[in-house]
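Dear colleague,

Please find below the sequence and the structure that I am handing over to you. My findings follow directly after it.

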Amino acid sequence: MIREKQLIAFDGTNAAGKTTLIYSVAAGLKEQGINCEVLIEPARNSPTADAILLYNQGSFDMAAQLELFAMHIVQCVRATKNATLIISDRTPVSTMAYNDMLIPNRTEHEQNLITAAEAFTDVWTACYDIIFYCQDYFVSTQADDKIRRGDDEFQRTLDAKTRELYEKANANLVYIPKGLSLADRTDFVLGKLNK
C-alpha cells in the first residue's frame, strides 16, 4: 500500500497473458464501482526499449535498465493521486531479473548500481498488497512478433530468476493456476481481491 491506496501487480513471462488479464480484472473492478488505474509495463512506453527491441538500435545497458526500474516506481507514485486501487503490469523485480541476463559483464560502478537497486527493490516490493503471478508460457514460434520472438530457454531462466527475487523479497505472491481461460483467470483474481 502506498498513500493509503491499494497497489497490486501482475507478473510472469513475456506474453503469458498478463496485460489482457489486467484489463479484464480492471473492467470487473470498475463494474463493482472500484476506482482503479492500470499502469502499463514501462518497457511498452519507453523510446529506449522500442529502439532496442524494434529497430535493433543499441542494447540493454545499465542506463536502459535504470530507466525501466525508475519508471515502475514513478508510475505507481503518480497513480496514487487519482485512483483508489492501482494495477501495475510487472514490478521493479522483473527489471532486476533481467540484469544478470542482459548485463553479464559489469563495471564495478554498474555492479554497485545494481546492488543498490536490488536493495531498494526488496523494500519497495512490500508496497504491493498482492502480486499475481501468471505461470503460463508463450511459445516463441507461435507468432512473428519482434517483441515476443525469442529463446524459450531464456524465458524459463528469466521466470526462475523472477520467482527467486520475489521469494527473497518476501512478496505476497499468488500464483494463478496454469491453463485457465481468460474468464476463469479473471474470476480467480477477483475472488482473491474480494476476500
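With a relative accessibility of 19%, Asn14 counts as buried, because buried means under 20% relative accessible area, exposed over 50% and partly exposed in between (1.4 Å probe, protein chains only). Asn14 sits in the loop between S1 and H1; helices (H or I, at least four residues) and strands (E, at least two) are DSSP runs, numbered from the N terminus. Its C-alpha atom is 9.9 Å from that of Cys134, and 120 residues separate Asn14 and Cys134 along the chain.

Please note that this is a predicted model, in which local features need pLDDT of at least 70 and side-chain atom pairs count only at pLDDT 80 or more, while totals for chains, interfaces and linings use all residues. Residues are numbered from 1 along each chain as its sequence is written, and side-chain values use heavy atoms, with hydrogens and water left out.

Lys18

Lys18 belongs to helix H1 (residues 18–31). Is Lys18 buried or exposed? At 5% relative accessibility, Lys18 is classed as buried. Not counting residues up to four places away in sequence, Lys18 is in contact (heavy atoms within 4.5 Å) with Phe10, Asp11, Gly12, Thr13, Asp89, Arg90 and Cys134. For Lys18 and Asp89, the C-alpha to C-alpha distance is 7.2 Å, at a sequence separation of 71 residues. The side chain of Lys18 also reaches the backbone oxygen of Thr13 at 2.8 Å. This falls under the definition of a polar contact: a pair of N or O atoms within 3.5 Å, where within protein one must be able to donate a hydrogen and the other to accept it, and residues adjacent in sequence count only if both atoms are side-chain atoms.

Arg90, one of the residues that Lys18 touches, lies in the loop between strand S3 (85–89) and H4. Arg90 is buried at 2% relative accessibility, and its phi is near 75 degrees, a positive value in a residue other than glycine. Asn170 has a positive phi as well, of about 55 degrees, although it is not a glycine. Asn170 is located in the loop between H6 and strand S5 (173–176) and is exposed, with a relative accessible area of 68%.

Nonpolar cores

A nonpolar core is a set of buried Ala, Val, Leu, Ile, Met, Phe, Trp, Tyr and Cys residues joined through side-chain atoms within 4.5 Å. The largest one has 25 residues, of which Leu7, Cys76, Ile86, Trp124, Tyr128, Ile131 and Tyr166 touch the most other members. Two or more residues each come from strand S1 (6–12), helix H3 (62–79), helix H4 (92–102), helix H5 (108–124), strand S4 (130–134) and helix H6 (152–168). Apart from this core lies another, of 19 residues, among them Ile8, Ala16, Val25 and Leu29. Leaving aside neighbours within four places in sequence, Tyr128 contacts Met1, Leu7, Ile8, Ala9, Cys76, Ser88, Thr91 and Pro92.

Why can H4 be described as largely enclosed by the rest of the structure? Eight of its 11 residues are buried, so H4 is largely enclosed. The buried residues are Pro92, Val93, Ser94, Thr95, Met96, Ala97, Tyr98 and Asn99, and what covers them includes S1, H3, H5 and H6.

From H3, Gln65 touches Phe60, Thr95, Tyr98, Asn99, Leu102 and Ile103, not counting residues up to four places away in sequence. Gln65 is itself buried, with a relative accessible area of 3%.

The axes of H4 and H5 come within 10 Å and cross at roughly 150 degrees. Axes are lines fitted to C-alpha atoms, for helices over the stretch in contact, and angles run from 0 to 180 degrees between N-to-C directions. H4 is therefore roughly antiparallel to H5; angles under 35 degrees count as roughly parallel, over 145 as roughly antiparallel, 65 to 115 as roughly perpendicular and the rest as oblique. Pro92, Val93, Met96 and Asn99 of H4 make this contact with Ile114, Ala117, Glu118, Thr121 and Trp124 of H5.

The axes of H4 and H6 come within 9 Å, crossing at roughly 130 degrees, which makes H4 oblique to H6. Here Val93, Met96, Ala97, Tyr98, Asp100, Met101 and Leu102 in H4 meet Phe154, Thr157, Leu158, Lys161, Thr162, Leu165 and Tyr166 in H6.

Yours sincerely
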